[in-house]
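Okay, everyone, let's get going.

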Amino acid sequence: MAMDSYYYSMLFLLPPILYMSYHLTRTLAEKKPTTHGLKAHPLLGHLPAFVRNSHRFLDWTTELIVGSPEMRMGFWIPGMRTGIITGNPADVEHILRANFANYPKGEHAIGMLEDFLGHGLFNSDGEQWQWQRKNASYGFSTRSLRKFVVDVVQAEIADRLLPLLRRAADGGGDAILDLEDVLQRFGFDTICAVAFGHDPRCLADGGVMEEAKSEFMHTFGEAQDLVVGRFFDPIEVSWKIKKWLNVGTERRLRKAIADVHAFAMDVVRTRRQSASVQDRDDVLSRFVASDEHSDEVLRDIVLSFLIAGRETTASGLTWFFWLLSSRPHVVTRIAGEVRAARKATGTRPGEPFGFDALREMHYLHAALTESMRLYPPAPIDSQSCAADDTLPDGTAIRAGWSVTYSAYAMGRLAAIWGEDCMEYKPERWLGEDGAFQPASPFRFTVFHAGPRMCLGKDMAYVQMKSIVASLLEEFEVDVVKEVAGGGVPEHVLSVTLRMKGGLPVKIRRKTEALLEEDACQSE
């Protein structure tokens with residue numbers, strides 16, 4: 001009996017042992033990348049360093065990139081990946097534009113995300129990616145969609161966000177809101193309206209936050225965190241074993257994915273049943289109208305937009321409001337620009353901002369951009385090298401290597417931004433005339449670059465500028481003291497750069513906002 005148990009145990013352990021032995025042998029025989037200031041173990045490669053620093057992966061890799069003359073680091077871990085992480089703009093331009101075809105997402109990364117994202121826009125290559133990109137690009141470029149975006153965002157602000165904040169302020173200013181959660185709900189509502197013509201009411205009319213919606217938002221976030229966790233597992237095969245056995249984090253992930261997929265399929269079927277698909281402005285209707293795609297394909301498209309819309313602007317704004325909490329001079333200047341926009345357009349506080357008014361808020365645009373330089377919503381992005389290649393400085397890259405660029409590290413490189421790169425200075429984005437001056441997308445990679453440049457960039461700025469202008473016009477946002485004065489908050493590296501524990505704030509009405517409201521009521 002004991003002998004049988006021994007044989008069964010060995011039978012169970014044999015596959016992972018053989019898997020690791022194969023990859024160890026192959027890895028040791030390959031040429032390996034090197035890293036300035038980081039030693040590799042003869043057999044384990046950079047695994048010990050990875051395990052020690054996985055909880056601070058972004059800061060660890062940034063330190064190595066900043067300390068490297070080439071502005072990049074190499075790594076190799078038996079049984080996982082070999083590759084580089086770079087902050088060098090020349091590398092980024094080579095990967096994302098000059099030799100774009102040689103750096104797809106790759107089967108490895110796509111396979112790790114496939115059960116969650118399927119083969120949607122953010123998890124596909126080749127023709128699968130091209131036709132989705134083409135259709136989505138056409139939808140985002142239309143003038144009708146631009147107007148639709150502004151209308152959706154302004155309605156969400158007027159009917160839901162501002163009432164929520166007013167209720168918090170009128171409660172005596174003691175109510176604590178998790179601003180990150182509020183912004184995620186806002187982003188989820190608006191991306192669903194713009195992309196699918198669907199209203200999930202994560203922020204309901206009057207600014208109510210329903211408990212059932214809170215549960216789904218938690219499930220959605222959990223699914224993202226758990227699937228990204230696969231990439232940080234020291235022994236890659238372990239998540240596959242847990243998935244096969246349906247235990248641990250993979251069991252939780254399977255349940256979360258099922259719930260998220262059910263929501264996405266409901267959106268697809270509702271749009272299929274709509275009698276007015278041809279006349280709608282939302283992006284999904286364009287895909288449905290062609291009648292060429294299965295429900296599963298459309299589900300994957302929905303999931304890609306949900307990931308992009310819910311997380312990115314919420315992440316960007318959360319770090320932005322934290323930065324403002326210790327910089328009242330920036331708040332004052334933004335408020336002055338908002339007042340100037342009101343005067344120029346002849347509108348009153350509380351009325352929606354039009355697209356042209358938002359476009360003229362150059363300082364606010366600079367302030368948001370500077371915040372994302374330091375705290376990019378998508379801090380890293382990875383590709384796979386399809387065939388042996390050489391970077392602009394002569395560094396060899398082998399087929400199969402992972403090639404990652406770090407927007408987080410690039411924002412901290414003096415070689416790109418100067419010796420004051422760690423300072424928050426919106427003025428670095430303004431010309432002598434006060435107009436916003438964009439940087440090369442290969443230096444400021446927050447919205448990616450090249451053929452995969454973010455389609456929703458303009459929509460993101462419309463949403464962020466609308467929220468900030470409307471909020472700072474009427475309220476003062478006080479970040480809870482423990483967060484405001486406790487140094488840089490910890491981050492959570494998931495699909496986006498979230499703030500650990502959220503951003504607890506107290507909301508107070510500005511005195512002039514109260515006077516303006518009284519004046520309106522007396523008319």
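So, Lys-243 here is partly exposed, at 30% relative accessible area. Keep in mind that this is a predicted model. What does Lys-243 pair with? Its partner is Asp-115, in a salt bridge with 3.3 Å from N to O. Those two come from distant parts of the chain, 128 residues apart: Asp-115 sits in helix α5 and Lys-243 in helix α10. Asp-115 is partly exposed too, at 23%.

Next one: Arg-498 and Asp-225, a salt bridge at 2.8 Å, N to O. Buried or exposed, what is Arg-498? It's buried, because its relative accessible area is 13% and the cut-off is under 20%. Asp-225, at 29%, counts as partly exposed.

Then there's Arg-398 with Asp-388, where the closest N and O atoms are 3.8 Å apart. Both are in loops, Arg-398 between β6 and β7 and Asp-388 between β4 and β5, so the bridge ties together parts 10 residues apart in sequence. Asp-388 is exposed, at 52%, while Arg-398 is partly exposed at 30%.

Across the whole structure, the search finds 33 salt bridges. Glu-370, Arg-373, Asp-420, Lys-425 and Arg-428 are linked in a network of them.

Beyond its sequence neighbours within four places, Phe-321 is in contact with residues including Leu-179, Val-468 and Leu-503.

Note on methods
Residues numbered from 1 in each chain as written. Predicted model: local features only at pLDDT ≥ 70, side-chain atom pairs only at ≥ 80, totals over all residues. Heavy atoms only, no water. Contact = heavy atoms within 4.5 Å. Salt bridge = Lys/Arg side-chain N within 4 Å of Asp/Glu carboxyl O. Helix = DSSP H or I, 4+ residues; strand = E, 2+ residues; numbered from the N terminus. Buried < 20%, exposed > 50% of the residue type's maximum accessible area, 1.4 Å probe, protein only.
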